[in-house]
Amino acid sequence: MSTIALVDVNNFYVSAERVFNPKLEGRCVVVLSNNDGCVVARSGEVKALGIAMGGPWFKLEDLARKHDIIALSSNYTLYADMSNRVMSVLSEFSARQEIYSIDECFLDMTGHSGSFTQCGQQIRQRIQQWLGLPVCVGFAPTKTLAKLANHVAKKRAEYDGVCDLSAMPAAQLDEILASIAVGEVWGVGRKLNEQLQQGGITTVRQLRDFDIYRIRNRFGVVMERTVRELRGIACLEMVDIVPPRQQIISSRSFGQSVTTLSGLQEAVSVYMSTAAAKLRAQGSVAATAHVYIHTNVHKKEEPQYSRGITIALAQSTSDTMQLVAAVKAGLCRIYRPGYRYKKAGVILSEITSAGVVQAQLFADTLESEKSLKLMAAMDGINLRMGKGALKLASDGVEQNWRMNRGSMTPAYTSNWDELPVVM
């Protein structure tokens, strides 16, 4: 019988910050989204105050002063590096690993000898000792049940961070599933949760035991698979290799409104440079590029304008310079003076493998080879020296449009100038 483990870092962003600043332990801490706009991560202490995820920070400032809540800007460089370290440690516990998100990972534990609970505690202790991060582990026969097991491990103190549903007596499993709201099931979103509750299905146990054919007729084959997974029948396979993305989006809201074409061109150049690097990293090329701009829809007193344009490329490419040139040309066509722009973005689509693209009859083979070598050199330097070490001049220097990060902590692990110092 197969057994899947789901390992999840508790309050990941906040926990990563606490590793390098122990003074944050036991304090109310939130991490904010781009431009310090909304709450995207909360410490346990903040959750206890009833502060919801996604709440606008400016509406919480009075509450923050009352409870001495510390707000930090998102430090994505730090979080990505800590995530990579977690996944590297977890790879030592299983030959098959599926990284589900920045802080979650499935492990195929089939064939493991010994107690899964003991194994889970070993995982927790190693990550805590090596990285300083708290994790919870759930074991079950299917991925959907493993997610629920992890939920139980987090919410019920008696499990001490590890829950093994695969070894649980049927009566105890029934009791646990009856105590969990159906909205906690992996894949049950807000609308589906409402529909299930309207049909009298309010708990995970009720969903598991509901007639499988009625579920399929009402909600489709995806929900049928979910119910079968809750019954211990594996329907979701482990994904060993993540398939290439079919669309790559890079966008940000500006820290301050942009009114000039040159400012917008800097922004889309930076965004496209990021998207092109991701495109090359997965060994792909794109045939179309889209660029869009819009003003701040929340400022009704200001003139509003929103426009986008798709550019068909002469030949599929992953060359940053060609892609930046395409979106800058498109931007010139949609830009209108007299507006205060709040956001811009680029989208790459019609993505295919670089190895199967047919060259044009009159394409300059020498130029194509030079392009590949140049992009490989750029990626190599940025990998060794850090993102942005080598960039296009069109990215600009001052970049006054960049998002606000008034309370961002040092990179700690990925920048020589910001490494922690022991005094």
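A salt bridge is a side-chain nitrogen of Lys or Arg within 4 Å of a carboxyl oxygen of Asp or Glu. The legends below describe a predicted model, in which local features need pLDDT of at least 70 and side-chain atom pairs count only at pLDDT 80 or more, while totals for chains, interfaces and linings use all residues. Residues are numbered from 1 along each chain as its sequence is written, and side-chain values use heavy atoms, with hydrogens and water left out.

**View 1. A salt-bridge network links Asp174, Arg205, Arg208 and Asp209.** Arg205 belongs to helix 9 (residues 204-209) and Asp174 to helix 7 (residues 170-179), so the pair ties together parts 31 residues apart in sequence. Helices (H or I, at least four residues) and strands (E, at least two) are DSSP runs, numbered from the N terminus. Asp174 is buried, at 17% relative accessible area, and Arg205 is partly exposed, at 33%. Here buried means under 20% relative accessible area, exposed over 50%, and partly exposed in between (1.4 Å probe, protein chains only). The structure holds 20 salt bridges.

**View 2. Arg190 and Glu194 meet in a salt bridge.** The N to O distance is 3.5 Å. Both residues lie in helix 8 (residues 190-198), four residues apart, and are therefore separated by about one helical turn. Arg190 counts as exposed at 58% relative accessibility, and Glu194 as partly exposed at 40%.

**View 3. Glu302 and Arg340 form a salt bridge between two loops.** Their closest N and O atoms are 3.3 Å apart. Glu302 sits in the loop between strand 10 (284-295) and strand 11 (306-317), and Arg340 in the loop between helix 13 (320-334) and strand 12 (341-353), so that the pair links distant parts of the chain, 38 residues apart. Glu302 is buried, with a relative accessible area of 16%, whereas Arg340 is partly exposed, with 40%.

**View 4. Five strands form an open sheet in the order 5-6-1-7-8, with mixed pairing.** Strand 5 (97-101) and strand 8 (162-164) each have a single partner strand, so one side of each is left without a neighbour in the sheet. Two strands pair if DSSP finds at least two bridges between them. Strand 1 (residues 4-9) pairs with strand 6 (residues 104-108) in the antiparallel sense over five bridges, and Ala5 has Leu107 as its bridge partner in strand 6.

**View 5. Strand 7 (residues 135-140) is largely enclosed by the rest of the structure, because six of its six residues are buried.** Val135, Val137 and Phe139 point one way from the strand, and Cys136, Gly138 and Ala140 the other way. Six bridges join strand 7 to strand 1, and the two run antiparallel; Asp8 stands opposite Cys136. Strand 7 also pairs with strand 8 in the parallel sense over three bridges, and Gly138 stands opposite Cys163 there.

**View 6. A second open sheet has three strands in the order 3-2-4, with mixed pairing.** Strand 3 (39-42) and strand 4 (70-73) stand at the edges, each with a single partner strand, so one side of each lacks a neighbour in the sheet. Strand 2 (residues 29-32) and strand 4 run parallel and are joined by four bridges. Val31 has Leu72 as its bridge partner in strand 4.
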